Structure formats: structure tokens, C-alpha cells
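Student: Please walk me through this model. I would like to settle the terms before we turn to the details.

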Number of protein chains: 2
Amino acid sequence: MRAETIAVGSELLLGQISNTNAQIISRALQEIGVDVYYHTCVGDNEERIKQVFKIALERSDVIIFTGGLGPTLDDLTKETVSSFLNLPLQLDEPSLERIKDYFKKKGKPMTQNNYKQALLPEGSSPILNRKGTAPGVLLKYGEKIIIMLPGPPFEMEPMLTESVIPYLAKSSQNTIFSRVLKFYEIGESLLEEKIKDLIVGQSNPTIAPLAKMGEVTLRITAKAEDIETARNLIRPVEEEIVKRVGQYLYGFDNESIEEIVAGLLLTSKKSISIAESCTGGLMAHKLTNIPGISEVFERGVVSYSNRAKQELLNVKAETLGEYGAVSEQTAMEMAQGIRITANTDIGVSITGIAGPGGGSPEKPVGLVYIGYADSKTVIVEKHLFTGDRMDIKQRSVDAALHMVRRMLKGSGD
Amino acid sequence: MRAETIAVGSELLLGQISNTNAQIISRALQEIGVDVYYHTCVGDNEERIKQVFKIALERSDVIIFTGGLGPTLDDLTKETVSSFLNLPLQLDEPSLERIKDYFKKKGKPMTQNNYKQALLPEGSSPILNRKGTAPGVLLKYGEKIIIMLPGPPFEMEPMLTESVIPYLAKSSQNTIFSRVLKFYEIGESLLEEKIKDLIVGQSNPTIAPLAKMGEVTLRITAKAEDIETARNLIRPVEEEIVKRVGQYLYGFDNESIEEIVAGLLLTSKKSISIAESCTGGLMAHKLTNIPGISEVFERGVVSYSNRAKQELLNVKAETLGEYGAVSEQTAMEMAQGIRITANTDIGVSITGIAGPGGGSPEKPVGLVYIGYADSKTVIVEKHLFTGDRMDIKQRSVDAALHMVRRMLKGSGD
């Protein structure tokens, strides 16, 4: 089955946003064995949308539109498809009810132009949109499958995952199954060096390394008639990789490091508190993205000023005076201080220089100390991260989460 | 002059990378008044590249390829263009010298397949690549301009800026200039309703609404022979829009709400402290993304537990007992508490239910109270947000930042 995506929106052609939807859709289709052959972007112009749609109908079995489903006059996707295929737009009552409901919940008036969003081409079905007013559209036209999704990725992605992919998976012959291994503290080159013979020697499954900020992943992908066969192809390859570089492996598939840490805290029933300086609350934010974390996360403190470090964490004035806020000693007192004041099993601290200002030859931008305290031990790690302010915040939090993971693993096994 | 981009590379269609080149190129072309009408991505397949190229030649004056100029067998852009137009590939000696030089400097051996990169279609000229081995190609074919650039953005972008844009600017008559107005607390539909006559009545400048999570933007775009004329076309339209919906306008162009708030705090020299519950540190994180914020941001507290609210913010046990942690009263005491303990001009608090668990009929998921305290006043806003845990955290922080902005504007004017 050949698919292509068509993104509709002048903002794409003006370079105001990037067509990330095409990437999200391609990745999802690949996993169910549907080949994507083209991506197209076109502006909010009926004639040009029509031309692009005509070309797509000639060469593809599945056409996925994104964008142009909004309430405004320049939202033209449904109108153009409907007029090109001669399928008049009809009011879909359940969709209208949903839209009315949406505005009611928001306590805002529904305007006349929102009615337009409840119109669907004859013979099509709506795709549920949990995040916004525009329903998606699923239309079988002869042998062709035409799908229309809204442009905002936060609306589009759940609709893709929950409705479109399950639907298309039924029509696809092959299953593609992937397993992702996630590594920390090993570079892409070294990792590849250690398993090069496996990468070169394999065609099903394939092994593809991918470097992201601060981590490397290996994707093992098998193609087979069913998922069980694909899993069986992957298993021995995964085992061999774990044998060689298992000490750097920390997770699988979509698990984030904060999910892993939250899982370890919840199962071991260990409470945690966090004292952050340069990361400004990012570690607490990441951990509190995990539902249920309130059972173990007691508090966080963003001690940006020295006074806050003294008042809330009992860091000694002499320590700050002698060693400075960015030092091993301060990180240690912060970790102990938050642990004791919050009365938790674990205390974590981060203090460093995120930049762009504030660096010196002795304490350059990117210097970060991370502290960990529990009832038995206090340790501090020193890091020198590269990148801009945001990168340094991210890398610091990743390092702190990995540190907590290692300590919990070490004590829990 | 109509332009389009064609990105060549199977990694795009597999969703491994996103076609950010299209965005970079579009933005640059827009500034010199060249309209981009289409973006296409196609895989490393000669037949399909040919088809896409054929379509592009029929509808565009300028065609910019990215990708497929590498040394390997699946790099096919030049080969396909050359065979389709019947222009044989010829060795370009200066390009070969540059490639040899590149390897010499790196101290690496030049392999046979790198010779391929010095081959150019008859009648074309090389475009200098300072960052890699593949030269770009500039080819005039009748009235058409065909440009080929390498795929990696760090190679592509300097070539675009230094060579392609100056070349195309000479052929283009126009400048396009855009102004973006950012609105909060007004929906896309209502906003459009209020300025519909302007949208419909205008062709230069054009007005285009775009909805993002929690905000709506209006882009006003003018086309003129120079930037000053374009600005003059935009000004009266902008003034008319401000007259009608100015009370919802909060910023322009790429400014984020946290940048705006940070700017207001810094210029008014007002210090701030933040007490967060359901947002888990996200507000402190966002604000501390702004360099220099340490001058005014004293501390943040993530008071996840009731004990933390009492110990760090002096919220009364009776208040928590009687009204609960998610209540107007608690939000008020949190804002006052953080302001007084941190000794700052402003104290902000957020307490709510981010879900998915923890909701009840009286206090559903999405219920959030936001408090603001300064020396003169304490106010609390009640919100009911929709979406998942992450959405509710984001919307709560946006609402809190907008509240601070409004208060600073109100007192500062």
C-alpha cells in the first residue's frame, strides 16, 4: 500500500512552521508496513489544493491531508476534496453536538463559522478529535483511502494513533515491528563500533542507531506476516546487543528516563524531594509529568538566590562564601538539606551555570554539580555540559535522573 | 516568480528526520519576495524523482532541490536532473580541487566515489559549499532556474544565504514583509468574526489567522518593492485590528509570553517568587529559560504535599482542612505566603488538578486556581482547563504568566 501526505497551509510555505506532521505520520505508517512515497505542502488555495490532490489520486492508495479543517474562510481541505470528488458536504449531527459541547465546557459562545467544522463529504465518517473542535474525515473512494486531519500536531497526533493507524493496519499485509533500546553515557560511534558486525550482517531485522541529545538509541526493526514472527526475529539480535553493551542500556521503546525513575520510586516506595538552582524547576516539572507521582514526590525548591539556599535548604553561609553557589560542597548541602527539611528518603540537588552569562575561567558556563543524598550516602557528580542555556538545563536534568536511576537500581537489586 | 522545493531522501519518508530545509528556504525566499507554492519530499528513487521534477517544471519558475548530492549510490539528484534534461554530467575541475583539499585538511583519504561529487550537468555552475564536499548546482534551463543543494542543513543554509538568495534577489522584483499579532483569551472563530470584513476585503496586505494551543495569532503580510513600503501597507491594517480586538493582544512576532513577562519584571525592577502545585515547576522552568532572570526571580517552591504548603508557604492547616488544597483560599495563602517568605514584590501561586486521577464531581480534573499577590492586592482566578495532564500544566502556566503580564501592565502604565 502506497501512501502520501499533503499538508495544507500557507504558514508552511511562508516558513513560519515546519511540517512536523509529515514526520509523525511517516513514522507511524512505517511501523504498520505502509510505505510513504511522497510528502507535499500546499497553500490555502483551492485551485492548487485540487491540483495536488489530483496528482496524489493518480499515484497513491492512501492520501493523508493535514490542516485546513479549521472554522475560517481559508480552511479549504474538506471543501476542495468534496467539490473535486463531487461529494456534497453534509451536516454530521454527532460532530455538531461535540462542537457545541466543547464550547459549553469552555463557557465560550459558539460562533456561526464553527458549524462548518461539522460538515463532512457524503459517504465519509468523522474521526474523533479529543483536543479540538475539528473532527477528522475518513473517506473510502473506490480503492482509495482519503484521510483528513487537523493541522495542529497536538490535535492530529492522538487522532492518528487512536483512529487512523488501527484502521490502516487492518488494510496492510505486512507487519513491521520495532524495538528501541535506549543507551546513556555511550557515544554513537563507540556503540556502533561494538556492534558493527551485527548492523552490516543483518537485513531482517535491521539495526539503526540514532543519536539524540545526550543519548543514543538503537532501533531493531523486523518485517513479517505477523507480530509474533517479527518479535521472534528481533529477540536473538537484542540479546546479543545486550550482551555486548548492556551496561549502558537504560530503557526500551518510548519509556522516558523520568517514567523509569518514577516507576522505580513508586515500586520501591521511596519518597523524593528536589533542590534545583540552574535547572530552574525543570527536574520537578519532568517528574511531575508522570501521573501518580504525588505519592512519592514531596516537594521541590527552586533556590535561585543564595538566600533561598540558606533559608529553605540550610546551606551554610560559610559554604556559599568559601566555595560559591556552584560547588561540590553547596551541591552536597543542598541535597542533604532538601532531604532533611522535606523528610524524604532521597534528596537531589542541581547547581550550575546555564549561561549565557555568569561563567568565569574557573567556573565556565556548563559546569554543573549534581548531588544525591539518602539515609546512607551523599554523593556529588561534576559535569561540564556544552550547548546553550536550554541544552544545559536539559542535560543537567537528564544526568540527575540517570543518577537517581542508578542509585535506585544499585540499592534495589 | 513562483518557486518550489523538492527534498530528496528516503530518511524523510521514513520519518527519521523532518524536512526543516523547506522551512529555512521558504523563510529566506519570502524575504526577497519570491512566492513558494509547494514543498515536496521524495525518496532516493530515480523514477519518482523524475516524476516529481516533471511536475515541478510545469508549474514553477524556480525549483530548489535539497539532498541527494552525496557520494553514495543512492544519491541521485544530479543524475536524474541531468538525464531528464539531456544534459550530460561533466567534471568540474575547480570543484574536484576543492574536494581533494577538503580531505587533505581533514587528513583523511579521498575515496573514489567522491569524484562523483565534482560532476555537474552541462551548462550549470557550482555553488560553493564551505561545510562539506558536495558543491551545489545552479542551472538555468530556458526560463527556469534549477538549484540543487546538499541535504544537511548546516551545509545547505550557508549556501542558501551566501549564494542562492543574492542570485534570486536579483531576479525578484518584490519584498514580502510580515507582522504577527499574538492574542490570548479570544478564540480563533470569535477573532475572525470581529475582523472578517478586513480579511475578506484585503489582498495586500493579507490577513491570516492561526490557532495554537491557548492562543491565536494573526499574520499580516504585505508585498511591495521595498520593506518600507510594505511596512506602510501593514500599519493602518494593524491599527484597525488593534482598535477592534486590542484588549486581547499581548505580543508581536516571535516573542513568547515568558519573554514578555521577564522583560516587564526586569524593566520595572520587580522581584518575583512562585509557588506551584499541579504545574510541578513548569512556570519556574519557563521563566528561568530567559537569560538574566536571576536578577528578579528569587525562588520557586513546588509544594506538592500539604506539608510543603504549610512549612514553606505558611498555608494554614485549617484552610487546607476546610477548603482543600485546590481552592481559592489555598491559592490566596500560597501567593501571599511565597511573597512574604521570599520577600519579593510579587508572589504567584498555582494549585489545581492536572489529572488523570484526583478529580471529583465538585473538583474535576482541569480545575485550577491561580493566585497573584503584591504589596497592594491579592487576587485569585479560577479556571477549568481541558486536555491531558501535560496540556493542563501548560495552560495553567500560560494563564499565570498572562495574569502577571496584565497586572504589571496595569500598574506600570
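Tutor: Helices (H or I, at least four residues) and strands (E, at least two) are DSSP runs, numbered from the N terminus. This is a predicted model, where local features need pLDDT of at least 70 and side-chain atom pairs count only at pLDDT 80 or more, while totals for chains, interfaces and linings use all residues. Residues are numbered from 1 along each chain as its sequence is written, chains are lettered from A and ligands numbered from 1 in the order in which they are written, and side-chain values use heavy atoms, leaving out hydrogens and water.

Student: Where is the place of A:Asp253?
Tutor: A:Asp253 has a phi near 50°, a positive value although the residue is not glycine. Most residues other than glycine have a negative phi. In chain A, the place of A:Asp253 is in the loop between E12 and helix H9 (257–268).

Student: Which residue does a cis peptide bond join to A:Pro205?
Tutor: A:Pro205 lies in chain A, in the loop between helix H7 (188–201) and strand E10 (206–212). Its cis bond has an omega of about 5°, and the partner is A:Asn204.

Student: What is omega for the cis peptide bond from B:Gly355 to B:Pro356?
Tutor: B:Pro356 belongs to chain B, in the loop between strand E15 (346–352) and strand E16 (367–373). The bond from B:Gly355 to B:Pro356 is cis, with omega near 0°.

Student: Which strand gives the most to the side of domain 2 of chain A that touches domain 3 of chain A?
Tutor: Seven residues of domain 2 are in contact (heavy atoms within 4.5 Å) with ten residues of domain 3 in chain A. The side chains of A:Glu185 and A:Arg406 form a salt bridge (a Lys or Arg side-chain nitrogen within 4 Å of an Asp or Glu carboxyl oxygen) at 3.9 Å, N to O. With three residues, the strand of chain A that gives the most is E12 (residues 249–252).

Student: How many salt bridges does the rule find across the interface of chain B and chain A?
Tutor: Here 75 residues of chain B are in contact with 71 residues of chain A, and the area buried is about 6,100 Å², of which carbon and sulfur atoms give 52%. One of the salt bridges pairs the side chains of B:Asp391 and A:Lys131 at 2.7 Å, N to O. Across the interface of chain B and chain A, the number of salt bridges found is six.

Student: Which residue in E14(B) is the bridge partner of A:Gly300?
Tutor: Strand E14 (residues 297–302) of chain A and strand E14 (residues 297–302) of chain B pair in the antiparallel sense over three bridges. Pairing requires that DSSP find at least two bridges between the strands. For A:Gly300, the bridge partner in E14(B) is B:Val302.

How values were computed: Buried area = accessible area lost by both parts, 1.4 Å probe.
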